[in-house]
Structures are given as structure tokens and as C-alpha cells.
Amino acid sequence: MVTTFGMSEIGPWSLVDGSQSGDVIMRMMARNSMSEKLAADIDAAVKRLSDRAYEIALSQIRNNREAIDKIVEVLLEKETMSGDEFRAILSEFVEIPSENRVAPAVPAPLSVSA
């Protein structure tokens with residue numbers, strides 16, 4: 001996010017050449033061509049993003065513990081669940097935003113041919 005899409009306070013630009021492959025060796029070589037300050041800034045930006053994501057995840061777990069426990073209980077029993085099952089369980093504990101709701105599947109009526 002930081003080096004590829006420029007999503008940090010470092011700047012709104014990509015720090016990775018689009019022609020570079022995803023190869024680890026190539027990324028290490030590209031990193032060696034950066035200044036130590038820029039590399040440190042990138043590391044700090046990545047750490048801030050990671051720390052913030054961790055705090056959000058931890059907050060969601062704490063705030064929705066009952067729902068998570070119920071979902072875990074079902075998964076331990078069945079091992080899998082559909083998105084509809086997940087939303088049904090979750091909706092018992094929290095209100096699901098309208099943009100995330102999915103209408104239940106209604107089978108199409110059968111046509112009768114004469």
C-alpha cells in the first residue's frame with residue numbers, strides 16, 4: 001500500500017517501478033537503491049498502518065465478542081458456513097449496514113407449460 005499505491009504521508013506516488021516483478025530479489029535490489037531515510041520512512045508508514053489495523057481488529061473483537069463466540073461455535077460444529085448464515089448469526093447481535101445486506105435467495109416460480 002505504501003510503496004505500490006502511495007497510500008501514506010510519504011506522498012501520493014508509487015515508489016515501485018511498474019515494470020518490476022513480484023520477485024523478492026528484485027524488491028530487495030530496488031530497496032537498496034533507496035536512501036536510508038526513505039527506507040526508514042517507508043518502514044515507519046507500514047508499521048503505522050499495521051498498528052492501526054491491529055487496533056481496529058482488536059476493537060472489533062472486543063465489541064462483538066458474543067457474536068464471534070457464536071460464529072466460532074457454529075464453525076466448530078459445521079466447519080464451514082455461507083455468507084447468508086454468517087450474516088444471519090451476526091444480525092442477532094449487531095445491525096448490519098444496508099449496503100452489506102443481501103436479500104435472501106427466493107426461488108423463481110416454475111412455469112407451467114400447456
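A crossing of two helices is called right-handed if the near helix is turned clockwise from the far one by less than a right angle. In this predicted model, the crossing of helices α3 and α4 is of the right-handed kind. The protein chain contains 4 helices and 0 strands, arranged along the sequence in the pattern α-α-α-α.

**The chain as a whole**
- The protein chain has 114 residues, of which 13% count as buried.
- Where contacts link residues at least 6 apart in sequence, 32% of them join residues at least 24 apart.

**Helix α2**
- Helix α2 covers residues 36-63, which amounts to 28 residues.
- From the first C-alpha of α2 to its last the reach is 40 Å, close to the 40 Å expected at 1.5 Å a residue.
- Ala-39, Ile-42 and Ala-45 are the buried residues of α2.
- An α-helix has 3.6 residues a turn, so residues three or four places apart point the same way.

**The pairing of α3 and α4**
- Helix α3 spans residues 65-78 and helix α4 spans residues 83-91; their axes come within 9 Å and cross at roughly 145°.
- On the α3 side, the contact is made by Ala-67, Lys-70, Ile-71, Val-74 and Lys-78.
- On the α4 side, Glu-85, Phe-86, Ile-89 and Leu-90 make the contact.
- By residue class, the contact of α3 with α4 comprises 6 nonpolar residues, no polar ones and 3 charged ones.

**The loop between α3 and α4**
- Glu-79 is located in the loop between α3 and α4.
- The phi of Glu-79 is positive, at about 75°, although this residue is not a glycine.
- Glu-79 is exposed, because its relative accessible area of 67% is over the 50% cut-off for exposed residues.

How values were computed
Residues numbered from 1 in each chain as written. Predicted model: local features only at pLDDT ≥ 70, side-chain atom pairs only at ≥ 80, totals over all residues. Heavy atoms only, no water. Axes fitted to C-alpha atoms, helices over the stretch in contact; angles between N-to-C directions. Helix = DSSP H or I, 4+ residues; strand = E, 2+ residues; numbered from the N terminus. Contact = heavy atoms within 4.5 Å. Nonpolar A, V, L, I, M, F, W, Y, C, P; charged D, E, K, R; others polar. Buried < 20%, exposed > 50% of the residue type's maximum accessible area, 1.4 Å probe, protein only. Expected span 1.5 Å × (residues − 1).
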